[in-house]
Amino acid sequence: MKNQSKILIAFTAIVLILSNGSFATAESKNSPNPNAKGYWDDKNLNDAVPIELVMDEKTKVGKIEKVAKRSGGSTTTSNSGASWTKGGLPLTATGKVYFSLGAGKYVCSGALVSENDSERAIVLTAGHCAYDFATGLATNWMFYPDYDSNPNSTCSIGRCFYASSLIVQPEFMSAGSFNTQAVQHDWAFAVIKKGVQNGDNLPDAFPSSPNSFELNENGFTKANDVSYAFGYPAASPYSGNDLVYAFGPIGTDSLTSNTTWSMNSNLTGGSSGGPWLSGFNTSTNVGKLSSLNSYKYGRDKTKMYGPKFNDKTRNTFLAALNS
């Protein structure tokens with residue numbers, strides 16, 4: 001019995017090691033690389049292409065589409081997509097995400113996640129804004145919070161923040177393509193630390209009050225729960241300079257056997273990774289991170305879909321905390 005117990009304990013330890021080791025990370029030499037801070041100059045920021053994950057209704061497999069940026073402001077004011085003008089956490093804790101995949105430069109959205117370490121910050125975004133099946137983990141990964149307040153300004157310490165590591169959900173990476181398994185697990189977390197790249201300030205420490213959203217993997221439990229979604233869409237009718245939001249009851253996607261959420265949303269390319277908030281209080285403008293902008297279908301651009309956060313999402317977040 002003693003030997004059997006020792007074998008069981010040893011086996012459990014191995015399983016835990018394999019489980020913890022299954023999360024992919026890109027350490028500082030890759031994300032960002034030693035020149036990442038200088039990499040995002042005005043030209044590269046302007047050249048970054050908004051991307052959108054578009055699924056095919058027949059094959060249930062998607063592809064990343066590079067969308068044409070539009071100049072000028074948004075032209076819609078419906079609850080499916082309107083300019084956010086109320087400030088608060090949606091403005092300061094949500095931002096644009098810039099990164100490289102191979103030789104390409106791209107832009108998505110992301111949001112700060114609450115945690116207790118004053119030496120770092122954590123950003124939530126979509127898995128496809130941190131990992132590509134052909135080229136692997138993103139490099140030059142940068143978070144640009146509160147972009148709406150001063151769009152197109154030059155990056156500087158205290159305004160743009162560079163990731164030291166990326167934590168991507170293993171089932172997303174192992175999917176091999178943008179199939180149902182991938183969109184069910186389309187989330188990732190970036191770790192931002194104080195240091196040479198970022199100086200002594202962190203994005204979740206500004207303003208002086210807590211500047212991040214709490215993660216709640218159980219925030220949405222059923223259809224008709226209300227979601228507030230945010231992001232920086234850059235394809236028509238939006239410009240990428242404006243924080244845009246949509247709100248309304250959620251549903252599910254029958255083409256993924258109801259394993260992902262849906263909501264009415266006109267947000268376009270560039271909004272990928274932007275947060276879906278549950279329990280949103282319209283007086284305080286505070287909610288909890290419970291899904292994100294993940295994908296659309298080619299034949300219907302009026303709906304956005306997002307993964308159902310669950311215990312795996314929490315585990316990915318814990319892996320980021322321990323990275």
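Biologist: What makes the charged end of K96 sit over the ring of Y147?

Modeller: A charge sits over a ring if NZ of Lys or CZ of Arg is within 6 Å of the ring centre and within 35 degrees of the ring normal. The charged end of K96 is 4.2 Å from the centre of the Y147 ring. K308 also lies over a ring face, that of W261, at 4.5 Å from the ring centre.

Modeller: This is a predicted model, where local features need pLDDT of at least 70, side-chain atom pairs count only at pLDDT 80 or more, and totals for chains, interfaces and linings use all residues. Residues are numbered from 1 along each chain as its sequence is written, and side-chain values use heavy atoms, with hydrogens and water left out.

Biologist: How many aromatic pairs does a search of the whole structure find?

Modeller: The search finds 26. Rings of Phe, Tyr and Trp (its six-membered ring) pair if their centres lie within 6.5 Å.

Biologist: Why is the pair of W84 and F230 called edge-to-face?

Modeller: Planes under 30 degrees apart count as stacked, over 60 as edge-to-face and the rest as tilted. The W84 and F230 planes stand at 80 degrees, with centres 5.2 Å apart, so the pair is edge-to-face.

Biologist: Why is the pair of F230 and F280 called tilted?

Modeller: Their planes are at 45 degrees and their centres 6.1 Å apart, so this pair is tilted. F280 is buried, as is F230.

Biologist: Which residues form one aromatic cluster?

Modeller: Y39, W40, Y98, Y144, Y147 and Y232 do.

Note on methods:
Buried < 20%, exposed > 50% of the residue type's maximum accessible area, 1.4 Å probe, protein only.
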